[in-house]
Structure formats: structure tokens, C-alpha cells
Amino acid sequence: MGYLSIMKMSRGTSTKGRRRGYLDGQMLIAMPAMMDERFARSLIYVCAHSSEGAMGIVVNHPAPNINFSDLLVKLNVIPATDIIRLPTRAGGVKVMRGGPVETERGFVLHSADFFIENSTLPIDDGICLTATIDEGPASAILALGYAGWAPGQLETEIQGNGWLHCAADSELIFGSDPGAKYERALKKLGIDPGMLSSEAGHA
């Protein structure tokens with residue numbers, strides 16, 4: 001599922017009200033029973049979810065040895081000569097391993113103070129997704145790749161104890177300590193991470 005497909009899948013989704021039965025703008029929390037090691041202890045922000053499938057960005061697994069400025073050059077967002085002209089805050093943007101699909105492509109989750117016509121997807125109040133970005137919004141993370149599910153696949157994984165879900169907030173998405181996000185999301189559901197087992201029931 002490419003970015004254009006994601007945009008098409010999400011057309012008509014209101015940022016004010018979630019469609020019944022879908023998880024746009026929610027956080028997925030990987031359960032210990034998760035069989036796919038690529039998503040172990042992952043926290044995923046769901047950008048699009050419909051009968052056609054789902055797409056999300058992992059927000060708590062930093063990409064090793066990559067900084068934001070160098071990545072913008074690698075993704076051909078800016079020429080190498082423009083690095084010195086980036087806003088100071090751009091250097092602090094976190095780069096995440098967003099998921100196993102299209103890992104050579106960058107996706108930016110950011111606050112709603114930035115918008116590109118026909119490129120930015122409003123997801124939920126105050127949160128947007130843009131495929132590429134060259135100016136710094138107030139809050140942002142850049143992810144390499146994304147997580148994608150075929151029609152009905154995410155629902156099946158949730159029913160099989162693969163995922164819990166909770167409401168998103170800016171700290172879970174943009175917080176400065178990625179390592180603390182997983183436990184914070186569980187505590188938001190009233191779950192002690194130390195007591196969680198692979199046999200846990202549905203939330």
C-alpha cells in the first residue's frame with residue numbers, strides 16, 4: 001500500500017469524529033503475544049484504518065545512527081548544500097523506524113501548524129502525516145517506512161491478542177524519550193507492564 005493509496009483510503013474521514021469500528025488516530029500497543037519480532041514492544045500511531053486496510057507509524061523505535069539533517073539529504077528532500085540553512089529545531093527531530101514497508105521512504109508525523117495541499121493527510125485533532133517535508137512544524141518525528149495491514153488483517157490480529165489500543169496524545173507521539181512511550185501507553189490503560197503476559201485478555 002503506497003502513500004497515494006493511504007491518502008485515497010482516508011478521504012472523507014473526519015478529524016473531529018472517528019468512524020465506527022476504525023482506529024484512525026489511536027495508538028496500537030504490541031502485546032507480548034505478538035509473533036512478528038519486527039513489532040515487539042512497538043507503539044504504533046494509526047494514520048489510516050478502513051475496510052481497505054490500515055497504515056500506521058511506529059513512534060518508539062529510533063533508527064540507529066541517523067540524524068534528521070543527513071536523512072533529508074538522503075531522501076532528496078534538500079540538497080547537501082542546504083543543510084546549514086535548516087531551522088535550528090530541525091536538528092532535534094527524532095528519526096524512527098516507522099515500519100517494514102517502504103523503508104527507503106520518509107514519512108513525517110507532525111503538528112497541524114504545517115500543511116501541504118494534496119500531500120498532507122489530517123489524521124486527528126492536531127496531528128497530520130506528510131510524505132516529505134522541508135520546513136519544521138512545531139512538533140514532528142520523521143519515520144523511515146511504515147506498518148501496513150491488508151483488509152481485515154489488523155482486526156484479526158487484535159482479536160488474536162496481538163494488539164491493545166489507547167487514545168493518542170502528543171507525548172506518546174512526539175515525546176523526547178522514545179524508550180518510555182511503551183510503558184506510558186500501557187499505564188494509560190491502567191495496565192502494569194510488569195504484570196502483562198502473553199495470555200492477557202482483550203482490553
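How do the residues of the lining of the second largest pocket divide into nonpolar, polar and charged? Keep that in mind for the second stop. The model on your screen is predicted.

**Stop 1: the whole chain**

Start with the cartoon view. The protein chain has 5 helices and 9 strands. Read from the N terminus, the elements run α-β-β-β-α-β-β-β-β-β-α-β-α-α.

Now switch to the surface. The accessible surface of the chain comes to about 10000 Å². Carbon and sulfur atoms hold 51% of that area. Of the 203 residues, 46% are buried.

Consider the contacts too. Take those between residues at least 6 apart in sequence: 69% of them join residues at least 24 apart.

**Stop 2: the second largest pocket**

Select Asp36, Phe39, Trp149, Gln153 and Glu157. Among the 14 lining residues of the second largest pocket, these are the closest to its centre. The pocket has a volume of about 190 Å³.

Next, colour β8 (140-149) and α3 (153-159). These are the elements that give two or more residues to the lining. β8 gives the most, with 3 residues.

Back to the opening question. The lining divides into 8 nonpolar, 3 polar and 3 charged residues.

**Stop 3: from the pocket to a salt bridge**

How accessible are the two partners? Arg38 is exposed, because its relative accessible area of 52% is over the 50% cut-off. Asp36 counts as partly exposed, at 24% relative accessibility.

**Stop 4**

Select Glu102 in strand β5 (residues 101-111). Check its backbone. Glu102 has a positive phi of about 50 degrees, although it is not a glycine.

Arg105 and Glu102 form a salt bridge, with the closest N and O atoms 3.5 Å apart. Both ends are partly exposed: Arg105 has a relative accessible area of 31%, and Glu102 has 30%.

**Stop 5: a salt-bridge network**

Select Asp169, Arg184 and Lys188. A network of salt bridges links these residues.

Zoom in on Arg184 and Asp169. Their closest N and O atoms are 3.1 Å apart, in a salt bridge. This pair links distant parts of the chain, 15 residues apart. Arg184 is in helix α5 (residues 178-188), and Asp169 is in the loop between β9 (163-167) and α4 (170-174). Arg184 is partly exposed, with a relative accessible area of 36%.

**Stop 6**

Move along to helix α4 and select Ile173. Is Ile173 buried or exposed? Ile173 is buried, because its relative accessibility is 0%, under the 20% cut-off.

What surrounds Ile173? Leave out residues up to four places away in sequence, and Ile173 touches Met27, Tyr45, Val59, Leu109, Ile127, Ile141, Ala168 and Lys181.

Then draw a distance from Ile173 to Ser139. The C-alpha atoms are 9.3 Å apart in space, while the residues are 34 apart in sequence.

**Stop 7: the loop between α3 and β9**

Finish in the loop between α3 and β9. Select Gly160 and Asn161, both placed there. How accessible is each? Gly160 counts as exposed, at 55% relative accessibility. Asn161 is buried, with a relative accessible area of 17%.

Look at the backbone of Asn161. Phi is near 65 degrees, a positive value in a residue other than glycine. Glu102 from Stop 4 also has a positive phi, of about 50 degrees.

Last, draw a distance from Gly160 to Ala33. The two residues are 127 apart in sequence. In space, their C-alpha atoms are 8.7 Å apart.

Notes. Residues are numbered from 1 along each chain as its sequence is written. This is a predicted model: local features need pLDDT of at least 70, side-chain atom pairs count only at pLDDT 80 or more; totals for chains, interfaces and linings use all residues. Side-chain values use heavy atoms; hydrogens and water are left out. On a 1 Å grid over the protein atoms alone, a cavity is a set of points where a 1.4 Å probe fits but cannot get out, and a pocket is an open set with protein on both sides within 12 Å along at least five of seven lines; lining residues have an atom within 4 Å of a point. Grid points are joined across faces, edges and corners, and a volume is the space filled by probe spheres set on the points. Helices (H or I, at least four residues) and strands (E, at least two) are DSSP runs, numbered from the N terminus. Ala, Val, Leu, Ile, Met, Phe, Trp, Tyr, Cys and Pro count as nonpolar, Asp, Glu, Lys and Arg as charged, and the others, Gly among them, as polar. Buried means under 20% relative accessible area, exposed over 50%, partly exposed in between (1.4 Å probe, protein chains only). A salt bridge is a side-chain nitrogen of Lys or Arg within 4 Å of a carboxyl oxygen of Asp or Glu. Contact means heavy atoms within 4.5 Å. Accessible areas come from the Shrake-Rupley method with a 1.4 Å probe; for residues, only the protein chains shown count as cover.
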